[in-house]
Amino acid sequence: MVEFVLHFLLLSLLGVIIWLHKSMWRPRNFPPGPRWLPIVGNTPEIRREARKLGGLHKVYAQWTEKYESPLLGMKMGGKLYVVGSTYDIVRDIHLREEFEGRPKNFFMRLRTMGSLRGIVCVDGPMWVEHRAFAVKHLRNAGYGRKPMELAIVEEMKDIVAFIATQSSAECGFWVGRHLAVSVLNVLWTFTAGKRLTRGDNRIQRLLTLLEDRSKAFDMSGGVLSQAPWIRFIAPEWSGFNIIQRFNEELKSLLTDVIEEHHETYCEEKSSDDLIYAYIKEMKDKTSNPDSTFTDIQLTMIILDIFIAGSQTTSNTLDVALMILLLRPDVQEKIHREISESGIRTPSPADHGTLPYTEAFLMEVRRFFNIIPISGPRRTTQETTLGGYVIPKDTTILMSLYSVHMDPKHWGDPHNFRPERFLSADGEKVCNHEHLMAFGQGKRRCLGDTLARACIFTFFTGIVQKYELTPDPDALPDINLKPGITLSPKPYKIRFIER
């Protein structure tokens, strides 16, 4: 009996050793990258380097140089990861069908309240059907048309008036959080048909949760993607509690609004906003037992819109105003262009008449890289990329930071220079395909039209009305805080009415 137990233990130990050794093997012709450990993969090394360098995007950029490859192959937990870092590679990932999948890991399920729903986190027929619905009905509700422009202009007037109540020539303040309220209100108007007041506790709480979520995770999903069990040991540190609080708060907020729309729905209102349009779709499909149009799916679509559009847009606005403090020469050029254009109240329709301002905002997106790592994608089949074999179900990330800071293309990427996006005579904006802030292909950002319209209108409205000067007690820092999106550290602006 003792001999049998010893043999069993030895065989078990041998099996574990073989399994551990096999888990360290790289797949055939897999992209180069650091060696990984059993079970945890490269996760500890990546987290350590990210803390030291200031973000995952800088780790990937450094490793791209070290391994002399446009593709990095890694393992996080038990999952294979690949990071693309050049324009050609990233463009392939954006446009090829086999890279349209989304990971089906624990973080994605947690992000979607327990099961894969919404638009951003799903793939296959459900993604196709609901993306088509969102595009169609947002357009019907004025997305990219006059109603959207009017809503954005009203929010611009509101933030300009709000600044007047908060700032003076002697005392500056940080405008970033207040910009986020304005962006959320535009999103809320097209989703629910009305705006929330600036002091509404619901919108302030939602902003806090969005900020906490952004800091706690990265585009790979953070530690919860690689080690879901960590939530039982460190629920707060791992970000598990943050996501749970975010889901509960948003679900509570949206449930009331959706129920109100159900109670007041009629056919004539079906194009008023996204929720009414969705309810109509639900009613049209009541005879289909397999319909995926449900209240919880609607909640997740709204969540996708808020997450995708709120912080990226407000953070871009924030850093655009910040760079004006560091480059007063640029601020003067922009203000002069706005003044000479004769525009009385800026609106999204004016972007074609302000080429230098438009080029400046393009350079802001390139230089600051608010979303430095894009994705994640999942390979739906084994494929090749850049001469390497990428196994099925590999998670794919795209380093937009590396594309936007590539010296081979941009020449002087670390120099903030709006002129790079202008024609030789300075009269026309060059639509530069190497600027990938909104992605490409079928998974291109749904809200790119709205985001660009908000950024342009809010920015020009503020610069037209105020001269921006730095507050010596809280100067800006161009080194942004890492997270799913990069965000500026608190700083203050003195807004002096022109």
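**Notes on a predicted model: loops, helices and packing**

1. Glutamate 68 is exposed, with a relative accessible area of 73%. Glutamate 68 sits in the loop between helix H3 (56-66) and strand E1 (71-76). Its phi is positive, at about 50°, although the residue is not a glycine. Most residues other than glycine have a negative phi.

2. Asparagine 29 also deserves a look. Its phi is near 50°, a positive value in a residue other than glycine. Where does asparagine 29 lie? Asparagine 29 is in the loop between helix H1 (2-23) and helix H2 (43-53). Its relative accessibility is 40%, so asparagine 29 counts as partly exposed.

3. Now the whole chain. How many helices and strands does the protein chain have? The count is 19 helices and 8 strands. The chain has 498 residues, and 54% of them are buried.

4. Contacts say how the chain folds back on itself. Take the contacts between residues at least 6 apart in sequence: 71% of them join residues at least 24 apart.

5. Helix H7 (residues 146-166) and helix H8 (residues 176-192) form a pair to examine. Their axes come within 10 Å and cross at roughly 155°. That makes H7 roughly antiparallel to H8, because angles over 145 degrees count that way. The crossing of H7 and H8 is right-handed.

6. Which residues meet where H7 and H8 pack? On the H7 side they are Pro147, Met148, Ala151, Ile152, Glu155, Ile159 and Phe162. On the H8 side they are His178, Leu179, Ser182, Asn185, Val186, Thr189 and Phe190. Check the spacing of the numbers along each helix. An α-helix has 3.6 residues a turn, so residues three or four places apart point the same way.

7. Serine 182 is found in helix H8. Is serine 182 buried or exposed? Its relative accessibility is 0%, so serine 182 counts as buried. Leave aside its neighbours within four places in sequence, and serine 182 is in contact with Glu155, Ile159, Arg198 and Phe458.

8. Helix H13 (residues 274-284) and H14 make another packed pair. Their angle is about 150°, and their axes are 11 Å apart. H13 and H14 are therefore roughly antiparallel to each other. The crossing of H13 and H14 is right-handed. In H13, Leu274, Ile275, Tyr278 and Met282 take part. They meet Asp295, Gln297, Leu298, Ile301, Ile302 and Ile305 in H14.

9. Helix H14 (residues 295-326) has 32 residues. From its first C-alpha to its last, H14 reaches 47 Å, close to the 46 Å expected at 1.5 Å a residue. H14 is mostly covered, with 28 of its 32 residues buried.

10. Last comes helix H19 (residues 448-465), with 18 residues. At 1.5 Å a residue, H19 should span 26 Å; its end C-alpha atoms are 26 Å apart, so the two values agree. Of the 18 residues of H19, 14 are buried, so H19 is largely enclosed by the rest of the structure.

Conventions: Residues numbered from 1 in each chain as written. Predicted model: local features only at pLDDT ≥ 70, side-chain atom pairs only at ≥ 80, totals over all residues. Heavy atoms only, no water. Helix = DSSP H or I, 4+ residues; strand = E, 2+ residues; numbered from the N terminus. Buried < 20%, exposed > 50% of the residue type's maximum accessible area, 1.4 Å probe, protein only. Contact = heavy atoms within 4.5 Å. Expected span 1.5 Å × (residues − 1). Axes fitted to C-alpha atoms, helices over the stretch in contact; angles between N-to-C directions. Parallel < 35°, antiparallel > 145°, perpendicular 65-115°, else oblique. Left-handed = near helix turned anticlockwise from the far one by under 90°.
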